Amino acid sequence: MATSTAGGWSAVAAAALEREMGPAVSRELAQRVYSSRLLGEDPSLCAAGGGNTSVKLTETDLLGREVPVLRVKASGVDLAGIGPESFPALDLSALRELSALPSLAEEELENVLLQSRFRHLAPRPSIEALAHAFLPPRFVDHTHAEAVLGLTNLSDGEQRIRAALGEKVAVIPYTAPGLALARATLAAYQPGLVGMVWMGHGLVTWGETAEESYRRMMELVAMAEKALPPLPPFPPPPAGDHRRRAAAVLPLLRGVLAAEAASGPLLSVTHSDPATLSLLADERAQGWAASPAPTSDHLVRTGAFPLWVELPGEDDPYLIRRRLSEALARHRTAYREYLGDGEPPFPRAACIPGVGVVGLGRDAASARTAADLLRRALLLKVRASALGPYRGLSREECRHAETRALQVAKVPKAAGELAGKVALVTGAAGAIGTGICEGLLAAGCHVAATDLPGEGLERLERELGNRFPGRVLALPLDVTDPASVKGAFDLLLESWGGVDIGVVNAGLAHVATLSELSLEDFRRLEKVNVEGTLLVLAELGRRFALQQMGGDVILVSTKNVFAPGAGFGAYSATKAAAHQLARIASLELAPLGVRVNMVAPDAVFSHGAVRSGLWQEVGPGRMKARGLDEKGLEEYYRSRNLLKVSVTAAHVAEAVLFFATRRTPTTGATLPVDGGLPDATPR
Ligand code: ZN
């Protein structure tokens, strides 16, 4: 079989994908999917899911008639992982008739695109669908190729791009996506051309096959790459511990944004590779950051310009906070001026020399996108500036793009009561810990699941990471080791920029009467249950103080604190000490707006396949002592409470969520989760 690897196209891989999709997907659509993925996998073409593709087909309607159909990429879908279902079928004839209209309001365009779908449950088509419809060739590919943008965005951009790409490519001035762009595209199209440059936006190619259109895209991009100087070697970045600085600065940044930009909790993702740090140290970097984004698709994700922060020389939180406030005030003034009216949105990206390029968002994914795009934009501007002054879109064009309802609708919004919040859970790999992580994640929270390194933590990361992509961070943490506790918090802040909720759950159990209890075993429990609680509470307190956004701490206590059991002295006593530490924390942290509450479950033995440590410790002994099997023991625990219920990890998670979602103004309180045990009622 003939296999071509030039430009990434492989006939073998295309055919394999075709077979994988089966007879329900036409050959053309399968090839459309294949080359779309190839384009999407290259971030220099389709950063952050930019770009769109289409194919014109003939399909059969309900009455058996052959109708011309445009299959075009759905809005907000990333080409890299696209499937045939993300190419909604549109009524091509109806769309083409619109080329007669002189103009079309944005809401009308949105309406027309939705109406033209053959199936009303099909996803919403890309806003650039009209341009795809108007262009005569069967396959149309559109990317935001950086090399092309690097040339078009120079002050002599049109000459540059014409010289680079030659006669077979049309060049049209910047026009916002919609009917006007589609009409300009149609007007500039001529048979014999292979592609078109949309100034300040990107590149379009076409062909009668997916392969032809794809190859033209790659050839033109290679020509543009040739015309753009390569990235110069950067000097080594200035000396300094950027990781330590990030951990010191990011929670302060988060707090300042929450207080002064009314942004609510935001997550941040930082790029601090040597090239980025070196670039930020360049005296021209602030100018590059302030110049327009390469294209409007970047702009809606990074904002028109990032927050620029010059840090003081030392890690003094007071000085850092002041610098951050001043920088934010300058940014807001500039943004207000740029927008003309209305409240400026929160910054979606920041440049902090010595720390890195920081993306900000309601979730880690959008923060990462903003960081990726800003970093890529800065590197592109470095390359382009070697040829001449970088210009990019005008302020007017930027403002128009940013305020467009359709463009903004492309940016996904985080959902859930705890969206934007970050929780750290200790003992996460156990039964109750896993249940709590699941509960927090289902409520929209981002969760740092911590436990001793090993199989349990790895399994948790795999399972929860699959179900809640981008919102699970598994961090090894030994609660008995101060350096390990601090290290895990540092890693969390470096990764996501802050913490809002701490669930102190790690604990150990042991069965022995006082006469039989060895001091060694007692100390083992004391280390985890008391010192571990102390270390985590202390670290949470310090981080909350830096961030100044309040916070919530929930200690997983136990009914044994109120109703201890014989043979359970080490557990009951050490958990009582932990409980008391949490009550002290509620007194000490209240001035920071931090609430500390306790949940007190009765025995939870497992959660799904995860057995609790408590079960492993006490289950066999209790079964033997009472002459019961496993089911019998669960039944014993169920029947001893007033409501006759088995307490589950999901119940404990609900209690944690009650406090974490701040339903009542409560701190220092204990919520029993035990089905009603009068002896254990807190008093
Ligand atoms: Zn585009």
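# Sheets, zinc site and cores

Visitor: In β14, which residue is the bridge partner of Val-447?

Guide: This is a predicted model, where local features need pLDDT of at least 70 and side-chain atom pairs count only at pLDDT 80 or more, while totals for chains, interfaces and linings use all residues. Residues are numbered from 1 along each chain as its sequence is written, and side-chain values use heavy atoms, with hydrogens and water left out. β13 (residues 446-451) pairs with β14 in the parallel sense over 5 bridges, where two strands pair if DSSP finds at least two bridges between them. The bridge partner of Val-447 in β14 is Val-472.

Visitor: How many residues of β14 are buried?

Guide: Buried means under 20% relative accessible area, exposed over 50%, and partly exposed in between, computed with a 1.4 Å probe on protein chains only. β14 is mostly covered. The number of its residues that are buried is 4 of 5.

Visitor: About what angle does the direction of helix α12 make with that of β11?

Guide: A second open sheet has 4 strands in the order β8-β11-β10-β9, with mixed pairing. Its edge strands, β8 (267-271) and β9 (307-308), have a single partner each, so one side of each lacks a neighbour in the sheet. Axes here are lines fitted to C-alpha atoms, for helices over the stretch in contact, and angles run from 0 to 180 degrees between N-to-C directions. Helix α12 (residues 274-281) packs on this sheet, touching β8, β9, β10 and β11, and its angle with β11 is about 100 degrees.

Visitor: Which residues are the protein donors of the zinc ion?

Guide: Donors are N, O and S atoms within 2.8 Å of the metal (3.2 Å for Na, K and Ca); water is not among the atoms, so sites may look incomplete. The protein donors lie 2.1 to 2.6 Å from the zinc ion, and their spacing in sequence is E-x13-H-x1-H-x56-H. They are Glu-128 (OE), His-142 (NE2), His-144 (NE2) and His-201 (NE2).

Visitor: What geometry does the site of the zinc ion have?

Guide: Four donors count as tetrahedral if all angles lie between 85 and 135 degrees; four count as square planar and six as octahedral if opposite donors are over 155 degrees apart and all others between 65 and 115; anything else is irregular. The angles among the 4 donor atoms are 77 to 151 degrees. The site is therefore classed, under these cut-offs, as irregular.

Visitor: How many residues apart in sequence are the parts tied together by Glu-128 and His-144?

Guide: Glu-128 lies in the loop between α5 (106-115) and α6 (129-134), and His-144 in the loop between β4 (139-143) and α7 (146-152). Both residues are buried. The pair ties together parts whose separation in sequence is 16 residues.

Visitor: How many residues does the largest nonpolar core have?

Guide: A nonpolar core is a set of buried Ala, Val, Leu, Ile, Met, Phe, Trp, Tyr and Cys residues joined through side-chain atoms within 4.5 Å. Among the residues with the most contacts inside the largest one are Trp-9, Val-148 and Val-197. Apart from it lies another core of 35 residues, including Leu-457 and Ala-474. The largest core has 44 residues.

Visitor: Where is Gln-548, a residue with a positive phi?

Guide: Most residues other than glycine have a negative phi. Gln-548 is not a glycine, yet its phi is positive, about 55 degrees. With a relative accessible area of 49%, Gln-548 is partly exposed. Its place is the loop between α22 (519-547) and β16 (551-556).

How values were computed:
Helix = DSSP H or I, 4+ residues; strand = E, 2+ residues; numbered from the N terminus. Contact = heavy atoms within 4.5 Å.
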